[in-house]
Amino acid sequence: MVTRAPPPWWVYVLRSANLQRTYVGITTDPVRRLAQHNGDRAGGARATRAHRPWAVGAVFGPYETRGEATRIELQIKRLRGEQRLAWAPKTDDSPNPPAR
């Protein structure tokens, strides 16, 4: 029996068509998730209904676990607007900022 590895997790940032809003989420299938947010498939988030259509602004990953993707999602959600699109993971040689 062949066991398959679980699919990787991705963190994505969506931009509304009018470029006034961003939305951050996690998924194992960014293409499917975008279709859901745009109402093309069932399952989109309530927060994205009012600002359709959405486009992918950035995708980060892959991450091995949902927990890892969730931690990154929370880091990005602390940012606003264009900062979310410009987020980059910290490298091992750059110190983490002190907790507030």
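Q: How do you know that strand 1 and strand 2 pair in this predicted model?
A: Let's count bridges. Two strands pair if there are at least two bridges between them. Strand 1 (residues 9-16) and strand 2 have six bridges, so they pair, and the sense is antiparallel. You can find Val11 opposite Ile26 in strand 2, and Leu14 opposite Tyr23 in strand 2.

Q: What sits between strand 1 and strand 2 in their hairpin?
A: Five residues lie between the strands, and in this hairpin Leu19 takes a positive phi near 60°.

Q: What makes strand 2 and strand 3 the edge strands?
A: The open sheet has three strands in the order 2-1-3, with antiparallel pairing. Strand 2 (22-27) and strand 3 (54-63) each pair on one side only. From one strand to the next, the twist averages 20°.

Q: Which strands does helix 1 touch as it packs on the sheet?
A: Helix 1 (residues 30-37) touches strand 1, strand 2 and strand 3, and its direction makes about 35° with that of strand 1.

Q: Where does helix 2 lie?
A: Helix 2 (residues 66-77) lies across strand 1, strand 2 and strand 3. Its direction runs at about 170° to strand 2.

Q: Which residues of helix 2 are buried?
A: They are Ala69, Ile72, Glu73 and Ile76. These residues cover an arc of only 105° around the axis, which puts them on the same side of helix 2. The buried residues of helix 2 pack against strand 1, strand 2, strand 3 and helix 3 (82-86).

Q: Why does Glu73 count as buried?
A: The cut-off for buried is under 20% relative accessible area. Glu73 has 11% relative accessibility, so Glu73 counts as buried. Leaving aside neighbours within four places in sequence, Glu73 is in contact with Val11, Val24, Gly25 and Ile26.

Q: Why is strand 2 called mostly covered?
A: Five of the six residues of strand 2 are buried.

Q: How many aromatic pairs does a search of the whole structure find?
A: The search finds two. Let's take them in turn.

Q: What makes Tyr12 buried or exposed?
A: Compare its value with the cut-off of under 20%. Tyr12 has a relative accessible area of 4%, so Tyr12 is buried.

Q: What makes the pair of Phe60 and Trp87 edge-to-face?
A: Their ring centres are 5.0 Å apart and their planes are at 80°, so the pair is edge-to-face. The pair links distant parts of the chain: Phe60 is in strand 3, while Trp87 is in the segment after helix 3, 27 residues apart.

Q: Are Phe60 and Trp87 buried or exposed?
A: At 11% relative accessibility, Phe60 counts as buried. Trp87 has a relative accessible area of 11% and is buried too.

Conventions: Residues numbered from 1 in each chain as written. Predicted model: local features only at pLDDT ≥ 70, side-chain atom pairs only at ≥ 80, totals over all residues. Heavy atoms only, no water. Helix = DSSP H or I, 4+ residues; strand = E, 2+ residues; numbered from the N terminus. Axes fitted to C-alpha atoms, helices over the stretch in contact; angles between N-to-C directions. Contact = heavy atoms within 4.5 Å. Buried < 20%, exposed > 50% of the residue type's maximum accessible area, 1.4 Å probe, protein only. Arc of directions from axis to C-beta. Phe/Tyr/Trp six-rings, centres within 6.5 Å; stacked < 30°, edge-to-face > 60°.
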